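Biologist: I would like to learn how to read the features of a model like this one, step by step. Could you give me the general idea each time, and then the case at hand?

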Amino acid sequence: MQENTGAAADLPSDADVTDDFGLAGVPDAFQRLWTPHRMAYIKGGQDQFKNKDDCPFCVGPTRSDEESLIVYRGRTCYVVLNLFPYNPGHLLICPYRHVPDYTDITVEETAEFADLTQTAMRVLRKVSNPSGFNLGMNQGVTGGAGIAAHLHQHVVPRWGGDGNFFPIIAQTKAITQTLDEVRKLVAEAWPGESNAQ
């Protein structure tokens, strides 16, 4: 027998007060919550990467693709997942040479750099259906480069509603799939020729 709590019998049911609101954005392949911590990277600052011997963009290609999160290796440049992503699938295009500035790369490197950026966008559209991208290079320490000594371009997929209160309130960015899983997904979708459509 149910006890009478004194609540009015004419209160609306859950169905009466629940709307048909769905989650923001377009459904994609990145479905789990993962929250990386950037603090070790942030505290280390620019001084942690003094030369090409300790530069992660120089050391990375000497390791396996899985260990370094490399998605694709070209002739003069390669594509790697960002270890501290802003969004799932956040890629970096890097020349193999340890150069700091966009004006330091050769014409051949520039062409492959651009080609890999376009291919990265095509692949990310195929595997995770973003509705937009942020592309960018932060040049120099004052320009916001996390690793100013080695040129790299960010390719950040974006979805409607991908920004939320987490970074502001909890100082945590929600990344919805492990880096290893994202690397495998993107690498498997990467075409044999980088300029393939």
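Modeller: We begin with the elements: helices (H or I, at least four residues) and strands (E, at least two) are DSSP runs, numbered from the N terminus. This is a predicted model, in which local features need pLDDT of at least 70 and side-chain atom pairs count only at pLDDT 80 or more, whereas totals for chains, interfaces and linings use all residues. Residues are numbered from 1 along each chain as its sequence is written, and side-chain values use heavy atoms, with hydrogens and water left out.

Biologist: How many helices and strands does the chain have, and what pattern does the chain follow along the sequence?

Modeller: The chain has seven helices and five strands, and reading along the sequence gives the pattern α-α-α-α-β-β-β-α-β-β-α-α.

Biologist: Where is R183 placed, and is R183 buried or exposed?

Modeller: Buried means under 20% relative accessible area, exposed over 50%, and partly exposed in between, with a 1.4 Å probe and protein chains only. R183 belongs to helix 7 and, at 8% relative accessibility, counts as buried. Of the 197 residues of the chain, 39% count as buried.

Biologist: Which residues is R183 in contact with, leaving aside neighbours within four places in sequence?

Modeller: Contact means heavy atoms within 4.5 Å, and by that rule R183 is in contact with D65, E66, L69, I70, V71 and L81, once neighbours within four places in sequence are left aside. R183 and L69 are 114 residues apart in sequence, yet their C-alpha atoms are 6.0 Å apart in space.

Biologist: What is the phi of L69, and where does L69 lie?

Modeller: L69 has a positive phi of about 65° although it is not a glycine, and it lies in the loop between helix 4 (65-68) and strand 1; at 10% relative accessibility, L69 counts as buried. N129 also has a positive phi, of about 55°, without being a glycine, and it lies in the loop between helix 5 and strand 4 (132-136), but N129 is partly exposed, with a relative accessible area of 39%.

Biologist: How should I read the packing of two helices?

Modeller: Two packed helices are described by the angle between their axes and the distance between the axes. Axes are lines fitted to C-alpha atoms, for helices over the stretch in contact, and angles run from 0 to 180 degrees between N-to-C directions. Here the axes of helix 5 (residues 107-128) and helix 7 (residues 179-189) come within 9 Å and cross at roughly 115°. That makes helix 5 roughly perpendicular to helix 7, a label for angles of 65 to 115 degrees, while those under 35 count as roughly parallel, those over 145 as roughly antiparallel and the rest as oblique.

Biologist: Which residues meet where helix 5 and helix 7 are in contact?

Modeller: V123, L124, K126 and V127 in helix 5 meet L185, V186 and A189 in helix 7.

Biologist: How many residues does the largest nonpolar core have, and which element gives the most to this core?

Modeller: A nonpolar core is a set of buried Ala, Val, Leu, Ile, Met, Phe, Trp, Tyr and Cys residues joined through side-chain atoms within 4.5 Å. The largest one has 34 residues, and those with the most contacts inside it are V71, V79, L91, V155, V186 and W190. Helix 5 gives the most to this core, with seven residues.
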